[in-house]
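Good morning, and thank you for making time for this item. I shall go through one structure and ask the group to follow it on the screen.

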Amino acid sequence: MVSRRCRIAVFFLVMFLAASNARKIKQYKPCKELVLYFHDVIYNGNNKDNATSAIVAAPQEANLTILAGHFHFGNIAVFDDPITLDNNFYSKPVGRAQGMYMYDSKKTFTAWLGFSFLLNSTHHQGSINFIGADPIMVKTRDISVVSGTGDFFMHRGIATIMTDAYESEVYFRLRVDIKFYECW
Amino acid sequence: MVSRRCRIAVFFLVMFLAASNARKIKQYKPCKELVLYFHDVIYNGNNKDNATSAIVAAPQEANLTILAGHFHFGNIAVFDDPITLDNNFYSKPVGRAQGMYMYDSKKTFTAWLGFSFLLNSTHHQGSINFIGADPIMVKTRDISVVSGTGDFFMHRGIATIMTDAYESEVYFRLRVDIKFYECW
Amino acid sequence: MVSRRCRIAVFFLVMFLAASNARKIKQYKPCKELVLYFHDVIYNGNNKDNATSAIVAAPQEANLTILAGHFHFGNIAVFDDPITLDNNFYSKPVGRAQGMYMYDSKKTFTAWLGFSFLLNSTHHQGSINFIGADPIMVKTRDISVVSGTGDFFMHRGIATIMTDAYESEVYFRLRVDIKFYECW
């Protein structure tokens, strides 16, 4: 009887441990999920007031309003884009996406991203930091969520990016599915 | 008696586990803390020898010595700033802060940061890597400590940045309170 | 006897726990290792077809084909370099290294790196994201592996970089020893 109780105690303890360590072992269920959209309006020399991003660096012979040849290789753009809960550019923003992207291929459109989401709404307060390669022509691309602050204190995860819409080379709307696998 | 001993053993085991997993569950006490200052002297065309940072990219019509209009939107600066233990610019540096910041708003002063602390003193050897958004006009801002090397091998945490002093648009002194929540 | 069994159960449980938490406590054995090479051919104004990287930003008075004085301080280069399994430039690439480096010292050659490895071979599918300071003149330098996707989902670790070969200021070959300490 005594032995049995002890075994039961040990059994539940093992279960508890297995549960608490589960994320490290096999199956990765997100501990938190968010779907957000952000809207990038690139400065083209004529849209100073509406533009939310600008090319600020480019290789020799390129200039800062027209994208460089060779798939814009080397262009760096800095952005401050509104974030919305749905895909409507005119929806009330819940935060800003701030940072940079740089085009980094001569053979196709690919970019490297370093940016943050600063969320400031009734639902979410805090920042989420992203880096990673974005092979733009692929339908869904995964980048890394490396950390966060506020509601996203120390969180880590994966963000899946989709180009939801674009208009010529001036407007891009991106859908971001954020899955956190390490929550605190 | 036997049963009691077993229960006690299990009890202490549970306590030990609770303690070792505490950081994941609720209360986040830093496992390591550092307070450091760094000093940024921006190149303005006339201070080549003293400058520790320079604007290297800017949108069209801006130039590389005077900050761009619209809250410097798009300016990227590269820096190599001395780190000190106190707020005195002339204190012996304990390392260098190296990396970049970019101004990324047309409506206020905000920046996006990507940089490292390289510490080389009797107290600390190693690097600490930071990224995150810095809403400069807010008194204290949190960015992410995403990893480190040497004494800070694989560490993660949060860095709280405060603008400790500034002189016109040439000198900035930043205080950084680093709290590591994941130590190795 | 009963007590003994219980003690044994508890003992093995403690051992199991000690093992599962080992990486946090003392000895850090990598859970995965990779050795890769990447090859950077810098655009110098005359090698447009072969170049895999280009200087896209520089401080005032520098230009975008000749590296800036003062150890290239402030130059930002964007790259899309082939990755190979051995040190032969002509080996079949297993992926691309994409991102940027910026020279950030006036007194020596040091750089700050932000880039990704995109691996696409029979052995490895996925991306690995790196940031960190690179004191180029030191034989081996450690930067941080902050996360990954695909085969490297959520991985973290340290990458040790060595300059394996270089030719004037146009070609650099880097050897990267990646050690993951957090695998999923």
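A residue counts as buried under 20% relative accessible area, as exposed over 50%, and as partly exposed in between. By that rule B:Arg96, at 29% relative accessibility, is partly exposed. Please bear in mind throughout that the model is predicted.

Let me begin with the chain itself. Chain A contains three helices and nine strands, and their order along the sequence is α-α-β-β-α-β-β-β-β-β-β-β. Of its 184 residues, 55% are buried. Among contacts between residues at least 6 apart in sequence, 48% join residues at least 24 apart. The chain exposes about 8200 Å², and carbon and sulfur atoms supply 56% of that area.

I return now to B:Arg96. Which residue does B:Arg96 form a salt bridge with? The partner is B:Asp80, and the closest N and O atoms are 3.0 Å apart. B:Arg96 belongs to strand S4 of chain B and B:Asp80 to strand S3 of chain B, so the pair ties together parts 16 residues apart in sequence. B:Asp80, at 8% relative accessibility, is buried.

The whole structure holds 18 salt bridges over all chains. One of them joins A:Arg156 and C:Glu182, at 3.6 Å from N to O. That pair crosses between chains, from strand S8 of chain A to strand S9 of chain C. Are these two residues buried or exposed? A:Arg156 is buried, with a relative accessible area of 1%, and C:Glu182 is buried as well, at 2%.

In chain B, the side chains of B:Arg156 and B:Glu182 also meet in a salt bridge, at 3.6 Å from N to O. B:Arg156 lies in strand S8 and B:Glu182 in strand S9 of chain B, so this pair ties together parts 26 residues apart in sequence. B:Arg156 is buried at 0% relative accessibility, and B:Glu182 is buried at 2%. Taken together, A:Arg156, A:Glu182, B:Arg156, B:Glu182, C:Arg156 and C:Glu182 are linked in a network of salt bridges.

Next, the strands of chain C. Strand S7 runs antiparallel to strand S8, and six bridges join them; C:Thr140 has C:Met162 as its bridge partner in S8. S8 and S9 pair in the antiparallel sense over eleven bridges, with C:Tyr171 in S9 as the bridge partner of C:Glu167. Three residues lie between the strands of this hairpin, where C:Ser168 takes a positive phi near 40°.

I turn to the nonpolar cores. In soluble globular proteins, nonpolar side chains tend to be buried together. The largest core here has 42 residues, and those touching the most other members are A:Ile76, A:Met100, B:Ile76, B:Met100, C:Ile76 and C:Met100. Beyond its neighbours within four places in sequence, B:Ile76 is in contact with residues including A:Ile76, A:Val56, B:Tyr101 and C:Ile76. A second, separate core of 29 residues includes B:Val94, B:Phe117, B:Ile161 and B:Val176.

Finally, a residue in chain B. B:Thr84 is found in strand S3 and is buried, with a relative accessible area of 0%. Its side chain reaches the backbone oxygen of B:Asp86 at 2.6 Å. Leaving aside neighbours within four places in sequence, the contacts of B:Thr84 include B:Tyr37, B:His39, B:Pro93 and B:Val94. B:Val94 has been named already, as part of the second core.

Note on methods
Residues numbered from 1 in each chain as written. Chains lettered and ligands numbered in written order. Predicted model: local features only at pLDDT ≥ 70, side-chain atom pairs only at ≥ 80, totals over all residues. Heavy atoms only, no water. Helix = DSSP H or I, 4+ residues; strand = E, 2+ residues; numbered from the N terminus. Buried < 20%, exposed > 50% of the residue type's maximum accessible area, 1.4 Å probe, protein only. Contact = heavy atoms within 4.5 Å. Areas by Shrake-Rupley, 256 points an atom, 1.4 Å probe, with all protein chains shown as cover. Polar contact = N/O pair within 3.5 Å; in protein donor to acceptor, adjacent residues only side chain to side chain. Core = buried A, V, L, I, M, F, W, Y, C linked by side-chain atoms within 4.5 Å. Pairing = 2+ DSSP bridges. Salt bridge = Lys/Arg side-chain N within 4 Å of Asp/Glu carboxyl O.
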